[in-house]
Amino acid sequence: MPKALVYVTFKEGVLDPQGEAVRGALSSLGFKGVNEVRVGKFIELELDDTGNVHADLERMCQDLLANPVIEDYRIEMADESTNGEAL
Amino acid sequence: MQFAVIVFPGSNCDHDCYHAIKDVLKQPVRFVWHKETSLGDAEVVILPGGFSYGDYLRAGAISRFSPIMKAVSEHAREGRPLLGICNGFQCLTESGLLPGALRRNESLRFVCEEVWLKCETSRTPFTCGIEPDEILKMTIAHGEGNYFCEPGTLAELEDNNQIVFRYTDADGSVSPEANPNGSMNNIAGICNLAGNVVGLMPHPERSCDSLLGGEDGLQMFMSVLRMVASS
């Protein structure tokens, strides 16, 4: 059964205050080499093995999973033998 | 004049709106459950604040797919008054009825306080009774009210007189200190190009009674009453 992995992150240029706070916390823990942190969402979808999966996933991201005004998304396909193979 | 207040699972300012319209404005109002498909004879529609669908995924992201939203979009397309307050505003941007998006507050904190707002335009049904540049006091209560849009869209909003309210100091100056959430250009509320769809993060329905700290929000409801009654 195919599995889709969707990563949603803020677009470049859109301030990510959560990422900034995490970066500050890492820095206070002593990790000095972290220049930027972006916090995003990870969505895992188990799919039927039918239909035009790629086109559907694209639409799912555009219409619901991401807000294209502020967010980018990346879709990967995974099955049991692979661990995240890029589309 | 018939008002409709849409109720999503997780709406929690629906009763405040209902109270403001029924008991203060003295107008007929009914709740419309999100699974309904018709707004009936409602002339003014309000999407209230709250946490529709628990703010899952993004605030307002799921509620826009509720069955009633088709009728709400149709109402907006017909040029009739539609007001989105707080989570209602988020729902309007998610559904594309208003441009832009509302991000997490810059401070990452939920802000719950009184703010000063400058009314930037009297061209909407909800501000037609308010003088441009008038300063109003209302409350905000949100974690995701940080207005964002593309620079081109922002320029259009400014040029087309679509910015309805800005956060200001008590004296009306638009300053970074007066900005409670990091919104671009201190934006607290906007309208669509036609002006009939208005969304704002502050809560006018909570400022309709002096017992509750102020009546400035009532002006928005009085405005729409006057406009629809005279049309």
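Which side chains meet in a salt bridge at 2.8 Å, N to O? In this predicted model, they are the side chains of B:Arg58 and B:Glu94. The pair links distant parts of the chain, 36 residues apart. B:Arg58 sits in the loop between strand E3 (44-47) and helix H2 (68-77) of chain B, while B:Glu94 belongs to helix H3 (residues 87-94) of chain B. Both B:Arg58 and B:Glu94 are buried.

Let me stay with the charged pairs for a moment. Side chains of opposite charge can pair when their charged atoms come close. Over all chains, a search of the whole structure turns up 16 salt bridges. I will go through two others.

One of them is in chain B, where the side chains of B:Arg166 and B:Glu158 meet at 3.0 Å, N to O. B:Arg166 counts as buried because its relative accessibility is 12%. B:Glu158 has 31% and so counts as partly exposed. As for networks, salt bridges that share partners join A:Lys41, A:Glu71, B:Arg58 and B:Glu94 into one. That brings back the pair I opened with, B:Arg58 and B:Glu94.

The other is in chain A, between A:Asp63 and A:Arg59, with the closest N and O atoms 4.0 Å apart. These two residues are 4 apart in helix H2 (residues 53-65) of chain A, so about one helical turn separates them. A:Asp63 is partly exposed, at 36% relative accessibility. A:Arg59 is exposed, its relative accessible area being 56%.

Now chain B as a whole. Its secondary structure comes to 5 helices and 11 strands. A compact globule of 231 residues would have a radius of gyration near 17 Å, and chain B has 16 Å, so the two agree. Along the principal axes, the C-alpha trace of chain B spans about 45 × 35 × 35 Å. Of the 231 residues in chain B, 58% are buried. If we take the contacts in chain B with a separation of 6 or more, 75% of them come from residues 24 or more positions apart.

Next, one pair of strands in chain B. Strand E6 (residues 111-119) and strand E7 (residues 135-142) of chain B run antiparallel and are joined by 8 bridges. Across the pairing, B:Leu117 stands opposite B:Leu136 in E7(B). Is E7(B) enclosed or open? In E7(B), 6 of the 8 residues are buried, so the strand is largely enclosed by the rest of the structure.

The loop between E6 and E7 of chain B holds B:Asp133. Its phi is positive, about 75°, although B:Asp133 is not a glycine. Most residues other than glycine have a negative phi. B:Asn186 is another residue other than glycine with a positive phi, near 60°. B:Asn186 lies in the loop between strand E9 (163-168) and strand E10 (187-191) of chain B. With a relative accessible area of 7%, B:Asn186 is buried.

One more loop residue in chain B is B:Ser207, found between strand E11 (197-200) and helix H5 (218-230). Why does B:Ser207 count as buried? Because its relative accessible area is 5%, and buried means under 20%. Leaving out residues up to four places away in sequence, B:Ser207 touches B:Lys137, B:Met138, B:Thr139, B:Gly214, B:Glu215, B:Asp216, B:Gly217 and B:Leu218.

Finally, back to chain A, at A:Met1. A:Met1 is in the segment before strand E1 (3-10) of chain A. It is exposed, with a relative accessible area of 70%. Which residues does A:Met1 touch, not counting those up to four places away in sequence? They are A:Glu46 and A:Leu47. A:Met1 and A:Thr50 are 49 residues apart in sequence, and their C-alpha atoms are 9.9 Å apart in space.

Further along chain A is helix H1 (residues 17-28), with 12 residues. A:Gly30 follows H1(A), and the phi of A:Gly30 is positive, near 105°.

Note on methods. Residues numbered from 1 in each chain as written. Chains lettered and ligands numbered in written order. Predicted model: local features only at pLDDT ≥ 70, side-chain atom pairs only at ≥ 80, totals over all residues. Heavy atoms only, no water. Expected span 1.5 Å × (residues − 1). Buried < 20%, exposed > 50% of the residue type's maximum accessible area, 1.4 Å probe, protein only. Pairing = 2+ DSSP bridges. Rg over C-alpha atoms; globule rule 2.2 N^0.38 Å. Contact = heavy atoms within 4.5 Å.
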